[in-house]
Amino acid sequence: MKLKVAPTSRETVLGEDDLIISKTDTTGKIIYANRTFMKISQLSEPELLGKQHNVIRHPDMPRGLFKMLWDDLQQGKESFAYVKNICKDGGFYWVLANITHDYDLNDKVTGYYSVRRKPSRASIETVTPIYRKMCEIEAQHSPKQALVHSVAYVQQILKDQQMRDYNDFICSLMKGDGYL
Ligand SMILES: Cc1cc2nc3c(=O)[nH]c(=O)nc-3n(C[C@H](O)[C@H](O)[C@H](O)COP(=O)(O)O)c2cc1C
């Protein structure tokens with residue numbers, strides 16, 4: 001269930017110490033959201049719990065990016081991503097998200113955690129044109145082909161920049177952000 005609100009240009013910039021945290025089950029259903037998440041998204045606990053994170057999906061975010069995120073998780077890898085999310089009033093906020101697995105005592109995956117912090121303006125400016133192009137590519141193809149083509153576009157950028165994978169690319173930006 002996505003928010004039915006027209007996106008606006010009102011940006012909320014995270015504070016240096018803000019951490020937006022959520023926890024999901026294995027299907028991605030939100031089972032915990034911290035106060036900062038509720039405050040910045042303007043969504044209450046009942047509006048978040050039991051929902052998928054697409055409730056805060058911004059239309060400027062390409063589907064291919066989320067495919068790469070879920071592919072990483074399903075391969076047992078943690079995932080890093082710069083994400084633009086929508087607020088209840090249509091405004092937006094950028095985060096640098098780190099998504100990791102939650103395991104039980106038998107090493108079985110029981111869900112996922114996302115910890116999101118403030119990204120630098122430089123990193124946002126680096127990913128924005130990439131996401132814009134991915135959205136353009138996705139709009140030119142059928143839903144199934146859209147993902148193939150937009151992910152291929154990102155893979156080509158990684159190849160050109162001699163990066164191993166998308167996480168490698170994000171880590172290079174995180175170094176610039178002072179996080180690594
Ligand atoms: C732990 C976790 C955190 C996530 N955080 C976000 C998020 O902040 N914003 C978002 O749009 N999607 C997030 N996602 C991805 C969503 O599950 C979903 O793939 C995405 O919103 C696209 O949904 P849609 O294809 O149904 O539109 C997260 C997924 C997981 C597992």
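This is a predicted model: local features need pLDDT of at least 70, side-chain atom pairs count only at pLDDT 80 or more; totals for chains, interfaces and linings use all residues.
Figure 1. At least two residues each are supplied by α3, by α5 (143–160) and by α6. The residues that line the second largest pocket are K67, M68, D71, D72, Q75, K77, V151, Q155, L158, D165, Y166 and N167. By class, this lining comprises 5 charged, 4 nonpolar and 3 polar residues. The space in the second largest pocket amounts to about 190 Å³.

**Figure 2. The largest pocket and the residues around its centre.** The volume of the largest pocket is about 510 Å³. Its lining is made up of 22 residues, and those nearest the centre are H53, N54, F66, L69 and W70. Two or more lining residues come from each of the elements β1 (20–24), α3 (63–74), β3 (79–86), β4 (92–103) and β5 (109–117). Sorted by class, the lining of the largest pocket holds 11 nonpolar, 8 polar and 3 charged residues.

**Figure 3. The aromatic pair formed by W70 and Y112.** The count of aromatic pairs in the model comes to 3. In the pair shown here, the ring centres of W70 and Y112 lie 5.7 Å apart and the ring planes meet at 90 degrees; the pair is therefore edge-to-face, given that planes over 60 degrees apart fall into that category. W70 belongs to helix α3 and Y112 to strand β5, so that the pair links distant parts of the chain, 42 residues apart.

**Figure 4. Packing of helix α4 against helix α6.** Helix α4 spans residues 121–139 and helix α6 spans residues 166–177. The two helices pack at an angle of about 150 degrees, and their axes are 10 Å apart. Because angles over 145 degrees count as roughly antiparallel, α4 and α6 are described as roughly antiparallel to each other.

**Figure 5. Residues at the contact of α4 with α6.** From α4, the residues S123, T126, V127, I130 and Y131 take part. Their counterparts in α6 are Y166, F169, L173 and D177. By class, the contact has 6 nonpolar, 2 polar and 1 charged residues. Y166 of α6, shown here in contact with α4, is also among the residues that line the second largest pocket.

How values were computed
Residues are numbered from 1 along each chain as its sequence is written. Side-chain values use heavy atoms; hydrogens and water are left out. Axes are lines fitted to C-alpha atoms, for helices over the stretch in contact, and angles run from 0 to 180 degrees between N-to-C directions. Helices (H or I, at least four residues) and strands (E, at least two) are DSSP runs, numbered from the N terminus. Angles under 35 degrees count as roughly parallel, over 145 as roughly antiparallel, 65 to 115 as roughly perpendicular and the rest as oblique. Contact means heavy atoms within 4.5 Å. Ala, Val, Leu, Ile, Met, Phe, Trp, Tyr, Cys and Pro count as nonpolar, Asp, Glu, Lys and Arg as charged, and the others, Gly among them, as polar. On a 1 Å grid over the protein atoms alone, a cavity is a set of points where a 1.4 Å probe fits but cannot get out, and a pocket is an open set with protein on both sides within 12 Å along at least five of seven lines; lining residues have an atom within 4 Å of a point. Grid points are joined across faces, edges and corners, and a volume is the space filled by probe spheres set on the points. Rings of Phe, Tyr and Trp (its six-membered ring) pair if their centres lie within 6.5 Å; planes under 30 degrees apart count as stacked, over 60 as edge-to-face and the rest as tilted.
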